[in-house]
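I have it open in a viewer and would like to know what to select next.

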Amino acid sequence: MITCHLRYVIDPYKLAEFEEYARLWIPIVNRMGGTHHGYFLPSEGANNVAIALFSFPSLAAYEDYRTRMASDPECQAAFELDKRNRSIISYERSFMRPVLG
């Protein structure tokens, strides 16, 4: 299993717009073979950082998801929403593997 950790820097004045964008991706990732663990929005501390976590069975499965995103209408609609809203300033993507005991 591989987990994608996305760290977003968001416009704190557009939190509602970012949340709308985030809610679109949870069912998309799940439909496309991943497991979305949710988005985590600012509460205390920094008001411009949000996190998303989702997993795929393998890096190859994630890469397949990324390829299919290019032609998926729901994915393209989500990207277009943020182009209009401009709630995301930047993001960093990291991949992690679990240590299970």
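Start in helix H2 and select Asp-64 and Arg-68, which sit four residues apart, about one turn of the helix. The model is predicted. The two side chains meet in a salt bridge, 2.9 Å from N to O. Show the surface around them: Asp-64 is partly exposed at 39% relative accessible area, and Arg-68 is partly exposed at 33%.

Within it, look at Arg-31 and Asp-72, whose side chains form a salt bridge of 2.9 Å, N to O. This pair links distant parts of the chain, 41 residues apart: Arg-31 belongs to helix H1, while Asp-72 lies in the loop between helix H2 (59–69) and helix H3 (73–85). Arg-31 is partly exposed, at 45%.

Now move along helix H1 (residues 15–31) and select Glu-19 and Arg-23, again four residues apart, about one turn of the helix. They form a salt bridge whose closest N and O atoms are 2.7 Å apart. Arg-23 has a relative accessible area of 56% and therefore counts as exposed, the cut-off being over 50%. Glu-19, at 28% relative accessibility, is partly exposed.

To end the tour, zoom out: how many salt bridges does the structure hold? There are five.

Methods. Residues numbered from 1 in each chain as written. Predicted model: local features only at pLDDT ≥ 70, side-chain atom pairs only at ≥ 80, totals over all residues. Heavy atoms only, no water. Salt bridge = Lys/Arg side-chain N within 4 Å of Asp/Glu carboxyl O. Helix = DSSP H or I, 4+ residues; strand = E, 2+ residues; numbered from the N terminus. Buried < 20%, exposed > 50% of the residue type's maximum accessible area, 1.4 Å probe, protein only.
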